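Please have the sequence and the structure open while I talk.

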Number of protein chains: 2
Amino acid sequence: MLSLRQLEESDYPGIITVLDAWWDERHMTDMLPRLFFKHFNRTGFVIETGGTLVAFLIGFISQTRPSHAYIHFMGVHPEHRRSGLGTRLHKAFFDRVKPRGCDTVHLVTSPQNKKSIAFHSRIGYRIEEGDRTVEGVPVHSGYDGPGEDRVLFTKEI
Amino acid sequence: MLSLRQLEESDYPGIITVLDAWWDERHMTDMLPRLFFKHFNRTGFVIETGGTLVAFLIGFISQTRPSHAYIHFMGVHPEHRRSGLGTRLHKAFFDRVKPRGCDTVHLVTSPQNKKSIAFHSRIGYRIEEGDRTVEGVPVHSGYDGPGEDRVLFTKEI
């Protein structure tokens, strides 16, 4: 039985300790400080089965442009992938931000994260134009700092 | 002549390239993705002199508890420290979030960042109780993940 609920700050220690493992041992933890769990948990969700957290998503509503929302992190336990959990989390996020006036969702991913690029393309995100193309994918060079290229995704909801 | 203005997304490349140097070569850039400049620039400020950016602050209003605000990063060029720029940036932030209903500001810093601890104590932040004390300073062990202890500051505005 898989159940979805709102993210709580108390989910932080459990998630931060599995984060790098779920990302193929890339060092991700610096990018997910506790502030996202403390100050944006209303737009965060987790999926559990038998008390074990197997997927999470965390985002927020843009304070520059309140009709836009942004998904900062979405992770699924490697053994629970391709079973619809990511889709379910995105739907929960859309259902939360749409009544609050959001019509557009943004997110970014790394060019090397092929699974992420394939997943977001599959669920209806389009890739924004970049300044160059890497293996057919438009990329924004140095988007998150020197050497930190990103693929930008957008979806109208 | 030092002038203060609202942060813009276009400030990102300039700030991200000096970040580690301003933090004594600690690796900070992963903690400051572009999203803060893109989605929270209304609660961000920079100080420039002669076209050169010498200080910045970026924060946001909590979406979990909208009467609370949070300062994520504040940096001052090493040659411009102890001249009141940090105080001026905090004041600009308070003046921005107070009319929007905020009465409390939070921020966290690393126990090893003595300058940051001294500065925030001096301008009226109090340190929250921790689970242990390091060199007289209350610390929250593993607050931002394993090994990532933090000192928590709070100020009523």
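How many bridges join strand E5 of chain A to strand E9 of chain A, and do the two strands run parallel or antiparallel? Before I answer, please keep in mind that this is a predicted model. Between E5, residues 104-109, and E9, residues 151-156, there are six bridges, and the two strands run antiparallel. To pick out one pair, Val108(A) has Leu152(A), in E9(A), as its bridge partner.

Helix H1 of chain A, residues 12-22, packs on the sheet, where it touches strands E2 (44-49), E3 (52-61) and E4 (68-76) of chain A, and its direction makes about 95° with that of E3(A). Helix H4 of chain A, residues 114-122, lies across E4, E5, E6 and E9 of chain A, and it runs at about 20° to E9(A).

Stepping back to the sheet itself, it is an open one in chain A, made of seven strands in the order E1-E2-E3-E4-E5-E9-E6, with mixed pairing. Strand E1 (2-6) and strand E6 (126-127) of chain A stand at the edges, and because each has a single partner strand, one side of each is left without a neighbour in the sheet.

Now to the two chains together. Chain B is superposed on chain A by a rotation of 180° with 0.0 Å of shift along the axis, at an RMSD of 0.0 Å, which is the relation of a two-fold axis. The same surface serves both copies, in that 97% of the contact residues of chain B recur in chain A.

One residue to look at here is Gln63(B), which sits in the loop between strand E3 (52-61) and strand E4 (68-76) of chain B. Is Gln63(B) buried or exposed? With a relative accessibility of 17%, Gln63(B) counts as buried, because the cut-off for that word is under 20%. Leaving aside residues up to four places away in sequence, Gln63(B) touches a set of chain A residues, namely His39(A), Phe40(A), Arg42(A), Thr43(A), Phe60(A), Ile61(A) and Gln63(A).

The largest nonpolar core has 47 residues, and those touching the most other members are Leu32(A), Phe36(A), Phe56(A), Leu32(B) and Phe36(B). H1, H2, E3 and E4 of chain A, together with H1, H2, E3 and E4 of chain B, each supply at least two residues of this core.

Finally, helix H3 of chain B has 13 residues, 85-97, which at 1.5 Å a residue should span 18 Å, and its end C-alpha atoms are 19 Å apart, which agrees. Among the buried residues of H3(B) are Leu85(B), Leu89(B), Phe93(B) and Val97(B).

Note on methods. Residues are numbered from 1 along each chain as its sequence is written. Chains are lettered from A and ligands numbered from 1 in the order in which they are written. This is a predicted model: local features need pLDDT of at least 70, side-chain atom pairs count only at pLDDT 80 or more; totals for chains, interfaces and linings use all residues. Side-chain values use heavy atoms; hydrogens and water are left out. Helices (H or I, at least four residues) and strands (E, at least two) are DSSP runs, numbered from the N terminus. The expected span of a helix is 1.5 Å times one less than its number of residues. Buried means under 20% relative accessible area, exposed over 50%, partly exposed in between (1.4 Å probe, protein chains only). Copies are superposed by least squares on the C-alpha atoms of residues with pLDDT of at least 70 in both. Contact means heavy atoms within 4.5 Å. Two strands pair if DSSP finds at least two bridges between them. Axes are lines fitted to C-alpha atoms, for helices over the stretch in contact, and angles run from 0 to 180 degrees between N-to-C directions. A nonpolar core is a set of buried Ala, Val, Leu, Ile, Met, Phe, Trp, Tyr and Cys residues joined through side-chain atoms within 4.5 Å.
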